[in-house]
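Colleague: Hi! Could you walk me through the pockets in this one?
Modeller: Happy to, here it is.
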Amino acid sequence: MASLRDIRRKIKSVKNTQQITKAMKMVAAARLRRAQARIIAARPFAQKMEELMTDVLHRMPPEQKHPLAVVREGSQRALLLVTSDKGLCGAFNTNLIREAMRYIQKHGPSNVRLYIVGRKGRDYFKRTGFPIVKEYANLFNNLGFHHAEIISSDLIGGYEADKSIVAVDLLYNEFKSVIQQKVVVKPLLPLTPNEAATPLANTDFIYEPAKERLIEGLIRRFLKAQVFRVLLESAASELGARMSAMENATKNASEIVDSLTLTLNRTRQASITKEILEVVSGAEALK
């Protein structure tokens with residue numbers, strides 16, 4: 001049986017851990033409010049961009065389709081996996097990596113070009129020996145639109161340079177609430193109309209400058225906005241998962257402290273009872 005000193009040491013250790021998890025929960029909650037505000041502000045713009053892009057794609061004659069909207073034949077694909085840089089966020093990264101493995105098994109390991117955001121996903125696939133085309137770490141501490149520009153440029157550049165790649169997909173956690181994040185696989189390329197988007201008026205636009213130049217710029221901007229939205233969704237989901245995980249850890253620590261305190265009291269009571277019995281037995285022996 002553990003001594004009173006060992007039990008007190010365990011209680012102190014668990015209480016110290018509880019203070020850390022409680023502080024981490026408060027930090028995650030404070031950062032989550034800012035992340036939620038950013039994603040709520042970004043969603044309307046991304047949705048309007050999607051509606052506009054759907055309308056533009058519908059207006060394109062088949063013979064004048066943009067190269068990024070042409071459907072290719074083949075089996076090669078590119079996948080952008082968005083994980084976190086840090087742990088202690090529950091099953092956030094585990095669910096993403098498990099879905100990425102399903103994606104790779106479905107399309108074949110030799111047919112998937114992997115781009116990874118976050119150290120957790122990068123470290124996992126490096127340990128398994130799976131080749132990584134590009135990796136992006138330490139983005140979420142100071143996430144900005146320039147990060148989306150870099151990532152989207154790499155994805156578009158790889159898609160344009162390698163004609164064997166038939167699609168570029170995004171794998172990330174979509175933020176629903178603090179306790180709910182949804183793993184999503186979303187196509188980025190080739191560009192396809194979103195049937196759920198609200199179509200605009202049937203009349204065509206007056207283009208200034210040239211139509212081709214304007215559409216080219218619009219497509220690039222749309223793709224950057226989609227990648228930026230994915231990064232914001234993932235950042236908010238990570239903080240929500242960490243806040244929930246730290247809350248559960250704090251509750252578990254309280255339960256452990258209560259259990260150890262009960263054990264401490266029982267052990268101390270048993271020790272006192274034993275000492276009383278020894279005194280009584282000694283007194284009886286002297287009679």
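Predicted model: local features only at pLDDT ≥ 70, side-chain atom pairs only at ≥ 80, totals over all residues.

Colleague: Great. What is the volume of the largest pocket?
Modeller: The largest pocket comes out at about 420 Å³. Its lining is made up of 18 residues, and those closest to the centre are Arg31, Phe140, Asn141, Ala235 and Leu239.

Colleague: And which elements give two or more residues to that lining?
Modeller: Those are α1 (4-59) and α5 (211-286). The largest share is from α1, which contributes seven residues.

Colleague: How do the lining residues of the largest pocket divide into nonpolar, polar and charged?
Modeller: Nine are nonpolar, seven are charged and two are polar.

Colleague: Okay, switching over. How much space lies in the second largest pocket?
Modeller: About 220 Å³. Around the second largest pocket there are 14 lining residues, with Glu50, Lys186, Pro187, Thr192 and Phe222 nearest its centre.

Colleague: Which elements each supply at least two residues there?
Modeller: For the second largest pocket, they are α1, α5 and the strand β5 (180-189).

Colleague: Which of them gives the most?
Modeller: That would be α1, with four residues in the lining of the second largest pocket. So α1 turns up in both linings, as it also gives seven residues to the largest pocket.

Colleague: Nice. And the classes in the lining of the second largest pocket?
Modeller: There you have eight nonpolar residues, four polar ones and two charged ones.

Methods: Residues numbered from 1 in each chain as written. Heavy atoms only, no water. 1 Å grid on protein atoms, 1.4 Å probe; cavity = no way out; pocket = protein on both sides within 12 Å on 5 of 7 lines; lining within 4 Å. Points joined across faces, edges and corners; volume = space filled by probe spheres on them. Nonpolar A, V, L, I, M, F, W, Y, C, P; charged D, E, K, R; others polar.
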